[in-house]
Amino acid sequence: MNLVAVGLAVATAAGVVTAVLAVVVPSRFHAAVSGIGTALVGAAGAAAGAAAVLGQPFALSLPWVLPLFGVSLEADPLGGLFVAVAGGAAATAGVYGIRPARRDSGVRATSVVMPLFAFSLLLVPVASGVGSFLALWELMALTSLVLVLTGRRRAEAVEAGRWYAVMTHLGLVAIMIGLMILVAHAGGDSFAALRAAAGSVPPAIAGTVFVLAVLGFGSKSGILPLHAWMSRAYSAAPGHAAVLMSAAMANLGVYGIVRVGFDFLDGARSDTARWWWIGALLLGAASAVYGILQAAMSSDLLRLLSFSSTENMGLILAGVGAAGLFASSGSGALAGLALVAALLHTLNHSAFKALLFQAAGSTVEATGSRDLDELGGLRPRMPGTTAAFGWGALAASALPPGTAFVSEWLLIQALIHGLGASGVASSVVLPVAVGAVALTAGLSVATFVKAFGVGFLARPRSDAASQATEAPATALVAMGLTGAACAILAVLPSLVLPGLGRVAGSLTGAAGTTVDGAVTLELSGVAGSLSPLVVGVGLLVAVVLAAGAVRALAVRRARRAARLWDCGAGPLTPRMEYTATSFAEPLQRVFDNVVAPETGVDVTHPEESNYLVELVEYRRTVPDRIERRLYRPVLALVSAWGSVGRRLASGSIHQYLAYGFFVLIGLLVALAVTR
Amino acid sequence: MSEALYVQLLDLAGGALLLTAVVILWRRKLTAIVRVFAVQGFALSLLVAVLAAHENDPTLGGIAVGLLVLRAGVLPWLLRRALAAAGEEQHETRPLVNVAASLLAAAVLVLIAYAVSQPLVELFPSAASTAIPVGMAVVLIGFFALVTRRHALSQLVGFLLMDNGITAVGFLATTGVAFVVELGISLDVLMAVLVLYVLASRMREAFGTTDLDDLRELHD
């Protein structure tokens with residue numbers, strides 16, 4: 001029995017049936033129906049993807065589905081990996097989206113589109129023709145756009161939807177041009193034809209295609225400079241849709257870059273490909289640093305998580321770029337290691353970002369605010385959600401025993417060992433990349449300490465936070481499942497590494513496994529080993545011992561209850577707590593030139609004297625600098641062009657008709673004269 | 001039918017087509033315009049009937065009858081009904097370009113039409129194809145009427161003139177458009193006229209006039 005075919009068939013059937021059911025069921029149940037269906041779609045997809053990674057072949061051609069090119073699907077290990085990740089994300093997002101009937105179910109359109117979105121995410125990586133791929137890609141973009149537009153806060157959703165619609169279609173245009181150039185060169189629409197012609201693509205064309213692919217696919221992953229839609233869309237979309245978008249859709253950008261770079265352009269074997277890979281590596285490193293800096297400065301919980309996605313996608317792109325660089329300079333083992341690191345980080349990012357968005361979504365739902373400075377004190381009120389966010393924050397911050405630690409360690413190993421392995425350009429680029437990855441890791445710790453500490457611990461900073469209630473049981477179950485996945489990836493990455501090694505080997509041509517060992521990971525080809533399980537257990541033991549020792553020592557002395565020292569200024573209020581802004585202040589000072597914050601201080605004096613102060617107002621915003629520099633001029637140009645165009649549209653029908661008439665006459669005369 | 005008679009009849013029909021188009025530009029009274037339009041419909045069907053007789057094609061003859069019913073019968077009748085509903089004061093058109101200038105423009109448009117249809121005529125010189133410029137001229141004059149006439153009804157006539165011209169070019173260039181195609185086009189025209197008719201009466205209800213420049217107020 002072919003598990004891939006069965007899984008995809010079940011996912012298709014479940015997706016379509018759920019969408020129809022969500023239209024017809026009473027409005028109390030549509031979220032529950034949609035959640036169960038989406039979870040089914042996801043589970044079936046995860047099974048199909050896992051089977052494809054393990055090497056089960058699957059191919060299907062349905063020429064009658066779409067006119068001209070039909071739909072053709074084929075599963076290979078690379079596609080299977082992304083199907084599996086998308087399936088897992090959809091499964092937890094589905095469970096998370098189930099709402100008990102007595103709760104507010106949200107907008108029905110969300111429930112209808114959600115299973116379709118999950119389904120399109122599963123099919124994009126198995127498309128095996130350019131036409132099918134672009135059609136499915138567009139289906140994914142459109143369904144996610146609808147999800148963004150169904151967000152709770154109308155104005156914000158519309159604004160985000162506009163950004164997202166424009167940018168996703170610009171991305172689609174870039175991808176389409178790139179793939180069409182390849183199709184024209186290969187003379188066939190199927191991926192097999194592209195692969196067969198890969199060796200003979202002229203370097204100039206290959207370079208153009210690669211740049212277009214990085215731009216188009218990169219925008220889907222939030223890679224600079226086309227990241228501006230991401231924080232808007234993730235913040236505006238309903239909680240479970242944001243989970244799926246961040247944990248599954250962003251990955252497909254990586255899939256596209258790997259597919260085009262390694263598969264269609266044969267970037268692993270051609271020597272001219274080196275500059276692209278260096279470019280991708282630098283772009284990834286820049287995205288990582290810029291993303292985490294923006295996240296560190298942000299006091300909006302969802303914006304922080306979105307920029308953290310830019311960071312992680314940047315790291316993944318850096319890994320992919322390094323893999324291509326090593327492969328094109330002939331060091332197969334290093335290439336395999338870098339690609340495994342990138343793919344493992346994709347997997348890890350999906351897991352911890354799903355967990356973080358689930359916890360953040362529940363928090364926002366319970367408190368109605370995503371401003372970290374209005375949260376706090378949620379630990380006694382929402383213990384489950386707080387634990388989930390805490391575990392997610394640890395997983396995201398590249399510290400043992402966190403999930404991201406293993407993959408970032410592998411990435412650093414690959415970059416460091418690559419120093420001696422290839423030419424001059426890479427000996428300049430790689431140290432910079434190592435520095436960027438290390439800086440990113442440090443900043444991400446600060447970012448997530450801030451998000452967790454300010455957002456969940458201490459005392460509530462607003463009434464809404466003090467009245468928060470715990471998320472529904474289904475959301476807690478979803479967080480539990482995702483958290484368990486994070487834990488498994490953190491301590492036993494050896495469960496997935498053989499599969500990833502197979503995928504990487506098929507792309508880079510590296511023979512054998514790149515990372516060995518069940519408990520201790522042994523890198524083959526370079527010296528290095530790590531045992532996440534032992535590190536994790538060791539840390540746990542150390543923490544328990546330390547806590548036990550403190551407790552044991554502390555109880556020796558007699559205790560005395562007293563008021564906390566407050567400098568005699570009266571009782572301490574929540575306003576005196578560390579805020580997200582103040583926590584980020586030192587970092588902001590260090591990176592002042594990069595992030596260019598805008599600070600404003602207004603001091604109001606009473607009328608009697610200028611020496612007394614009545615009110616001090618302090619404002620600080622950290623605008624997205626790239627957005628300002630790059631997007632503003634373009635937008636200004638477009639709107640200027642639009643207002644010039646409006647002058648043509650006076651409202652007179654005769655004038656409009658006259659435009660047509662004179663253009664026609666002009667063309668005819670030109671025809672008569674030039675003939 | 002002898003060849004000489006065929007050429008003479010063809011030229012007569014073509015001449016009538018062009019003349020009626022120019023007369024539509026010249027006349028100001030809407031009732032007269034509708035009457036001239038009906039004459040043009042007759043000229044068009046005559047043109048097609050002459051072609052049918054020359055080709056001995058009964059289908060083409062059928063199309064000629066259909067054209068006669070539609071363009072000389074149904075469409076003028078619809079236009080007349082719209083006019084009657086419009087009331088007395090609507091009977092004069094106030095063109096954006098005055099009549100004398102319109103006639104001069106028509107002359108220029110006919111010249112342009114002759115100049116641009118030369119390649120078409122040279123492809124296959126025959127009695128029918130030498131009349132193509134006439135159809136082209138009618139298209140351009142119709143477009144000109146569409147642009148310069150204020151009244152919704154005279155604009156409608158301009159639109160129908162264009163369609164008459166297109167039909168004439170079609171038949172002259174191919175000697176025989178497929179029946180289905182012609183049927184489809186004619187139905188389209190009928191539908192367009194019906195829609196515009198309804199639109200014009202709605203406009204009159206809303207604004208008390210069918211002067212299209214009043215729509216400018218809807219511009220934001």
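Reader: Where in chain A is the place of Pro401(A)?
Author: The peptide bond from Pro400(A) to Pro401(A) is cis, with omega near 5°. Pro401(A) is placed in the loop between α14 (383-396) and α15 (403-417) of chain A.

Reader: What pLDDT do local features need in this model?
Author: Residues are numbered from 1 along each chain as its sequence is written, while chains are lettered from A and ligands numbered from 1 in the order in which they are written. The model is predicted: totals for chains, interfaces and linings use all residues, side-chain atom pairs count only at pLDDT 80 or more, and local features need pLDDT of at least 70.

Reader: Is Ala398(A) buried or exposed?
Author: Ala398(A) lies in the loop between α14 and α15 of chain A, and its phi is near 55°, a positive value in a residue other than glycine. A residue is buried if 20 or more other C-beta atoms (placed from the backbone) lie within 10 Å of its own, exposed if 12 or fewer, and partly exposed in between. Because Ala398(A) has 29 C-beta neighbours inside 10 Å, it counts as buried.

Reader: Is Asn56(B) buried or exposed?
Author: Phi of Asn56(B) is likewise positive, near 55°, in a residue other than glycine. Asn56(B) is found in the loop between α2 (30-55) and α3 (58-86) of chain B. Because 9 other C-beta atoms lie within 10 Å, Asn56(B) is exposed.

Reader: What is the relative direction of α3(A) and α10(A)?
Author: Two packed helices are described by the angle between their axes and the distance between the axes. Axes are lines fitted to C-alpha atoms, for helices over the stretch in contact, and angles run from 0 to 180 degrees between N-to-C directions; under 35 degrees is roughly parallel, over 145 roughly antiparallel, 65 to 115 roughly perpendicular and the rest oblique. Helix α3 (residues 77-97) and helix α10 (residues 239-264) of chain A pack at about 175°, with their axes 8 Å apart. The two helices are therefore roughly antiparallel.

Reader: How many charged residues are in the contact of α3(A) with α10(A)?
Author: Residues are in contact if their C-beta atoms, placed from the backbone, lie within 7 Å; those of α3(A) include Phe82(A) and Tyr96(A), and those of α10(A) include Leu244(A) and Arg259(A). Ala, Val, Leu, Ile, Met, Phe, Trp, Tyr, Cys and Pro count as nonpolar, Asp, Glu, Lys and Arg as charged, and the others, Gly among them, as polar. The residues of this contact divide into 15 nonpolar, 3 polar and, as for charged, 1.

Reader: What is the relative direction of α3(A) and α13(A)?
Author: Helix α13 (residues 332-367) of chain A packs with α3(A) at an angle of about 10°, with the axes 11 Å apart. Among the residues that make the contact are Leu81(A) and Thr92(A) of α3(A) and Leu343(A) and Gln358(A) of α13(A). By class, the contact has 8 nonpolar, 4 polar and no charged residues. The angle therefore makes α3(A) and α13(A) roughly parallel.

Reader: How many residues of α9(A) are buried?
Author: Helix α9 (residues 228-236) of chain A is mostly covered. Its buried residues, including Trp229(A) and Arg232(A), pack against α5 (130-149), α6 (154-186), α10, α12 (301-328) and α23 (625-648) of chain A. The number buried in α9(A) is 9 of 9.

Reader: Which residue of β2(A) stands opposite Leu62(A)?
Author: Strand β2 (residues 71-75) of chain A is mostly covered, with 5 of its 5 residues buried. Strand β1 (residues 58-62) of chain A pairs with β2(A) in the antiparallel sense over 5 bridges. Opposite Leu62(A) stands Val71(A).

Reader: How many charged residues are on the side of chain B that touches chain A?
Author: The contact takes 15 residues from chain B and 15 residues from chain A. On the chain B side, α4 (99-123) and α5 (132-148) each supply at least two residues. That side divides into 12 nonpolar, 1 polar and, as for charged, 2.

Notes
Contact = placed C-beta atoms within 7 Å. Helix = DSSP H or I, 4+ residues; strand = E, 2+ residues; numbered from the N terminus. Pairing = 2+ DSSP bridges.
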